[in-house]
Amino acid sequence: MEISVFSIQKSSRDNFENEIQEYIKMSAKFAKINDKVFFNEKIAKAQSAGKSEALRAYDEIYEPNLKGFCVMLDENGLQLDSQEFAQILNSNSQINFFIGGAYGLSQNLKNKAQKIVSLSKMTMAHKIAKLILFEQIFRALCINANHPYHK
């Protein structure tokens, strides 16, 4: 199984990188985990120009990676418990998660997803949502492997 998390973020400084790397390391016995971070001058300029330009820039970065089973994170997506989330991983061998930039994800991109998921009804910082996603991926892998992490 291969799981990739795609995100748009300015820098990795102070973004829970140590914790995320620890979850990736712990998950390695169950699956290959990739953390794909994108940010470039074009995205920076687009975000400064406004929402529509930013969403177009995100689409350009993300569309070539729409392979396998694609899950978009969106505040209006399905809210799943950990068991339901684990079923997504249990049913697919290549899974790609997409976290939007400052303006979220375009409707065009969300229309191409197999699933749209919300981590919470609460709004949270991008870096916190990403950490929660990596923890839930590890938890789901443990659930599927009958590992005692999930109690």
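Predicted model: local features only at pLDDT ≥ 70, side-chain atom pairs only at ≥ 80, totals over all residues.
Contact here means heavy atoms within 4.5 Å.

**Strand E1 and its neighbours**

- Strand E1 (residues 2-8) pairs with strand E4 (residues 94-99) in the parallel sense, over six bridges.
- E1 and E2 also run parallel, and seven bridges join them.
- Ser 4 is a handy residue for finding your way around: it stands opposite Asn 34 in E2, and its bridge partner in E4 is Asn 96.
- Ile 3 has Ile 95 as its bridge partner in E4.
- Six of the seven residues of E1 are buried, so E1 is largely enclosed by the rest of the structure.

**Helix H1**

- H1 covers residues 17-27, and its buried residues are Glu 17, Ile 20, Tyr 23, Ile 24 and Ser 27.
- Looking down the axis of H1, those buried residues fall within an arc of 125 degrees, so they line one face of the helix.
- The general rule behind such spacing is that an α-helix has 3.6 residues a turn, so residues three or four places apart point the same way.

- The buried residues of H4 are Ser 82, Phe 85, Ala 86, Ile 88 and Leu 89.
- They cover an arc of only 145 degrees around the axis, which puts them on the same side of H4.
- Those buried residues pack against E1, strand E3 (69-79), E4, E5 and H6.
- Helix H4 (residues 82-90) packs with H6 at an angle of about 75 degrees, and their axes are 8 Å apart.
- Angles of 65 to 115 degrees count as roughly perpendicular, and H4 and H6 are therefore roughly perpendicular to each other.
- On the H4 side, the contact is made by Ser 82, Gln 83, Phe 85, Ala 86, Leu 89 and Asn 90.
- H6 brings Leu 133, Gln 136, Ile 137, Arg 139, Ala 140, Leu 141, Ile 143 and Asn 144 to that contact.
- Sorted by type, the residues of the contact of H4 with H6 come out as eight nonpolar, five polar and one charged.

**Ala 31, a loop residue**

- Ala 31 has its place in the loop between H1 and E2.
- Buried means under 20% relative accessible area, so Ala 31 counts as buried at 7% relative accessibility.
- Leaving out residues up to four places away in sequence, Ala 31 touches Met 1, Ile 3 and Leu 141.
- Two of those names come up elsewhere in this briefing: Ile 3 is the bridge partner of Ile 95, and Leu 141 is one of the H6 residues in the contact with H4.
- Ala 31 and Lys 121 are 90 residues apart in sequence and, C-alpha to C-alpha, 29 Å apart in space.

Definitions and conventions. Residues numbered from 1 in each chain as written. Heavy atoms only, no water. Buried < 20%, exposed > 50% of the residue type's maximum accessible area, 1.4 Å probe, protein only. Helix = DSSP H or I, 4+ residues; strand = E, 2+ residues; numbered from the N terminus. Arc of directions from axis to C-beta. Pairing = 2+ DSSP bridges. Axes fitted to C-alpha atoms, helices over the stretch in contact; angles between N-to-C directions. Parallel < 35°, antiparallel > 145°, perpendicular 65-115°, else oblique. Nonpolar A, V, L, I, M, F, W, Y, C, P; charged D, E, K, R; others polar.
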